[in-house]
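Here's a quick tour of the model below.

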Amino acid sequence: MAASNRLKNQHLLWRAGFGPMAENAADLDKLSSKDLWGLLLKTSAKKPEKIEVAQNLIDGLYKGVQDVAQMQQNGLSNDQKKQIREQSRDDLKNLNIRWLEEMINSEAQLREKMSLFWHGHFATRVINSYFQQELLQTIRENALGNFKDLLREVSKSPSMLSFLNNQQNRKKKPNENFAREVMELFTMGRGNYTENDVKEAARAFTGWGFNLKGEFEFRKMQHDDDSKTVLGKTGNFTGDDVLDILLEQKQTAKFITKKIYRYFVNDKADDAKVEWLSNRFYQNGYDIKKLMEDIFTSDWFYEEKNIGTKIKSPIELIAGIRRLLPMEMENDQAQLLFQKTLGQILFYPPNVAGWPGGKNWIDSSSLMLRLRIPQILSANDIMDIMPKVDDDVQGGMMEMAAKKIKEVTRGGTAKIDWVLAAKIFEATSREKLLQKIADTVLQTKGHVPDTLLEKYLNNASRENFIKSAIINLMSTPEYQLC
Amino acid sequence: MLIKRKEFLQVGSLATASFMLPQFLKAFEKPMMVPPGNKVVVVIQFSGGNDGLNTVIPVRNDIYYKGRPGLGIAKDKAVNITDEVGLNPALEAFKGLYDDGSLGILNNVGYPNPDRSHFRSMDIWHSASASNEYVNTGWIGRYLDAQCKGCDKPTQAMELDDVLSLALKGDESKGLAFKDPQKLFNTSNGKYFKDLNANHQSGEETVDYLYKTMSETISSADYIYQQSKTHPTNEAYPNSDLGKDLKTIASLILSDINTKVYYVSLGSFDTHVNQENQQKRLFTELNDAVKAFTSDLKKNNRFNDVLMMTFSEFGRRVAQNASGGTDHGTANNMFFISGGLKEKGVLNAMPDLADLNEGDLKHKIDFKDVYATVLNKWLGADDKMILGKKFQYLDFI
């Protein structure tokens with residue numbers, strides 16, 4: 001059986017965004033997927049408004065605080081350092097919450113989803129809210145633009161340069177970290193260059209750093225301007241030259257396309273399709289929007305094997321629930337707690353390789369928590385999970401953090417706007433109601449039998465019925481997929 | 001399947017058993033007997049970077065006292081085990097273990113190009129990778145993958161925590177995390193989840209994977225809860241978190257459960273400020289819990305089968321800082337506690353404080369040597385496959 005219009009549209013919304021929202025979920029039967037794609041493009045065309053959270057950090061930057069997590073020597077007293085670190089961590093929490101709000105509420109769904117992809121691709125973990133805020137803006141502005149620009153701007157961002165130690169990459173004392181990751185993770189992928197290419201490229205990136213205002217700076221004195229040989233080309237290359245050489249490689253287009261395919265279409269890459277897409281991506285000069293259009297307007301994107309078979313990331317899960325069920329969270333801490341315990345905290349990727357995704361999201365405790373989250377949000381259950389300590393974030397202050405968390409454990413609940421959620425099903429008759437709710441909530445081919453579900457539904461009123469059906473359907477393994 | 005499970009426990013390999021899809025839906029029907037001699041590992045992670053030099057103290061080393069005018073622990077305050085070596089004053093019970101021949105101390109354990117970020121260095125220890133490699137599975141998880149292909153239960157490795165650590169995540173198999181058996185039982189035994197599980201028809205691969213995980217969790221929760229009640233221990237454990245965790249672990253070790261690895265964390269040892277009190281408090285918790293645990297195992301004749309090992313993501317710098325604390329360092333020591341040690345006491349030379357790398361200890365032993373030793377000699381596993389290459393075996397077990 002061919003996929004229904006609704007299923008296809010929801011598929012597009014889940015993959016190119018964060019799922020259907022209460023306000024327009026009812027309209028998804030009529031619209032064609034091509035028109036919906038057009039809408040997604042249009043709503044993401046504007047330049048994003050910057051999310052600004054960093055407070056008083058410029059002051060810290062002037063004082064030479066390059067990475068506030070590892071401030072060692074400078075003119076600051078211990079108290080001042082501590083204060084800056086704490087301020088920065090608080091700012092990062094705000095950045096996290098506000099970006100998550102964008103993912104949930106912004107009409108620029110495609111841009112924010114694409115940005116989340118790049119956030120994991122260009123993963124940095126620095127406790128400097130100003131750097132992170134700037135990098136996020138770079139990513140959001142270029143998310144659907146040109147990969148060449150994105151790569152270049154990210155490579156020159158203080159966030160990336162400090163995370164990968166390029167400040168320490170100097171003539172005759174090279175630090176290869178940045179050069180290695182640019183090749184291994186950002187462009188070509190492992191196995192497509194030699195150790196010597198990394199060494200030579202590192203020499204080209206010598207002198208790339210940033211100043212105390214958090215701006216990129218090329219330090220000529222530290223730059224090695226002798227001849228280098230990278231991927232068979234020889235010259236007195238600068239860092240920009242090396243990025244050009246990497247972008248000339250078809251392998252770069254292929255590596256990025258494959259990663260995008262696996263993220264947006266299916267964990268199992270289809271080699272022929274990746275080849276076709278990546279050739280076009282290369283010919284189009286790395287135009288990201290065109291690549292995404294190739295994917296989302298293809299027939300194969302809507303094939304059965306690609307629908308409802310991808311495990312949602314924790315961010316997709318949370319954002320998806322909150323898009324279908326408009327809600328006011330009781331407090332922000334609980335949102336961070338969900339991210340922590342489910343294994344994906346924005347701005348804290350596990351390492352420069354980003355979140356591995358797929359089955360990696362799932363273990364027995366994370367799955368059981370995922371199944372309970374709808375219950376927790378609707379106050380049928382309590383959040384009683386403690387996240388692990390992260391001393392890079394908490395700096396040994398575990399007891400304080402634990403106390404804070406205890407205070408919010410009862411605060412996992414939210415005020416859900418059930419009236420608005422129920423409106424989706426306004427025009428649906430009582431007999432068709434359960435089917436319609438299941439079709440709206442779930443993307444999988446098969447799901448929980450109605451007879452089982454009915455045992456758990458509240459028949460006291462139409463609204464209660466809808467409420468209990470949605471919550472129960474969201475508390476299933478099937479709901480973990482999109 | 002039941003026969004094969006027994007084989008796993010005795011021979012230590014189920015790698016050949018094929019993965020049968022319908023099998024996972026019913027999980028274990030009967031608990032299986034654990035033969036005496038079933039070797040168990042208990043890993044205690046010191047989170048935050050424990051200061052090794054104030055744990056195992058070079059009590060006759062001037063460089064140590066010079067670098068730590070306020071923080072150095074004087075010889076007469078330390079719990080001295082040899083003329084050269086003292087333990088942190090809070091680790092009084094470790095002296096008893098030392099005298100018993102059931103304590104091993106391995107110095108200078110680390111890895112090349114050490115990373116000073118907590119998270120990254122912990123990642124390196126958990127995944128057993130090189131410091132420029134990113135691996136998404138942990139050493140115990142890969143042990144599960146190797147031992148347990150097609151096993152219908154993740155109870156071979158368990159972590160006493162709400163969230164599962166990378167160390168216990170394999171490609172196919174993953175350990176199970178829970179804080180206490182009762183809570184695990186309560187949260188995974190909702191009627192709705194059981195109903196969902198019972199009614200699932202296998203279909204698409206990813207959905208099946210999720211149902212398999214849920215099914216395993218539900219049946220394991222039940223199994224662990226039942227097992228934890230079969231041998232309630234009489235030993236008096238301290239009422240600390242670690243005390244409770246080790247009590248749970250002891251009651252499971254004494255039951256018939258098939259668990260080979262237990263994992264528990266203590267922290268935070270990130271003592272940049274006011275180190276003395278913080279380390280003392282944590283070590284008191286460790287000392288009292290380990291004391292009860294070892295006594296419990298001895299009374300029940302299981303101490304020879306259990307190997308307890310401690311580690312931290314890094315040690316700390318040799319010199320103290322200006323805030324009565326120490327900053328992130330590199331190589332560190334590990335404790336091994338068991339009735340079955342082949343080599344005991346201080347297993348190698350104390351750190352050479354005259355030969356430092358910019359104020360930090362140089363590692364002499366790669367921590368992956370320790371993993372290889374434990375995997376091969378204690379768990380009878382294929383360490384080369386699990387760690388990706390051959391590491392040097394040590395002789396303490």
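Let's begin with a helix in chain A: helix 21 (residues 430-441) has 12 residues and reaches 17 Å from its first C-alpha to its last, close to the 16 Å expected at 1.5 Å a residue. Keep in mind that this is a predicted model.

- A:Lys436, A:Ile437, A:Thr440 and A:Val441 are the buried residues here.
- These four cover an arc of only 120 degrees around the axis, so they sit on the same side of helix 21 of chain A.
- Helix 23 (462-474) of chain A is included in what covers the buried residues of helix 21 of chain A.

**Where chain A meets chain B**
- Chain A puts 43 residues into the contact, and chain B puts in 44 residues.
- On the chain A side, helix 17 and helix 18 (391-394) are the elements that give two or more residues.
- Helix 17 of chain A has the largest share of that side, with 6 residues.
- By class, the chain A side splits into 19 nonpolar, 14 polar and 10 charged residues.

**A helix pair across the contact**
- Helix 17 (residues 364-377) of chain A packs against helix 9 (residues 205-230) of chain B at an angle of about 100 degrees, and their axes are 9 Å apart.
- That angle makes the two helices roughly perpendicular.
- From helix 17 of chain A, the contact uses A:Ser364, A:Leu367 and A:Met368, while helix 9 of chain B brings B:Leu210, B:Thr213, B:Met214, B:Glu216 and B:Thr217.
- This helix-to-helix contact has 4 nonpolar, 3 polar and 1 charged residues.

Definitions and conventions. Residues are numbered from 1 along each chain as its sequence is written. Chains are lettered from A and ligands numbered from 1 in the order in which they are written. This is a predicted model: local features need pLDDT of at least 70, side-chain atom pairs count only at pLDDT 80 or more; totals for chains, interfaces and linings use all residues. Axes are lines fitted to C-alpha atoms, for helices over the stretch in contact, and angles run from 0 to 180 degrees between N-to-C directions. Angles under 35 degrees count as roughly parallel, over 145 as roughly antiparallel, 65 to 115 as roughly perpendicular and the rest as oblique. Two residues are in contact if their C-beta atoms, placed from the backbone, lie within 7 Å. Ala, Val, Leu, Ile, Met, Phe, Trp, Tyr, Cys and Pro count as nonpolar, Asp, Glu, Lys and Arg as charged, and the others, Gly among them, as polar. The expected span of a helix is 1.5 Å times one less than its number of residues. A residue is buried if 20 or more other C-beta atoms lie within 10 Å of its own, exposed if 12 or fewer, and partly exposed in between; C-beta atoms are placed from the backbone. The arc is that of the directions from the helix axis to the C-beta atoms.
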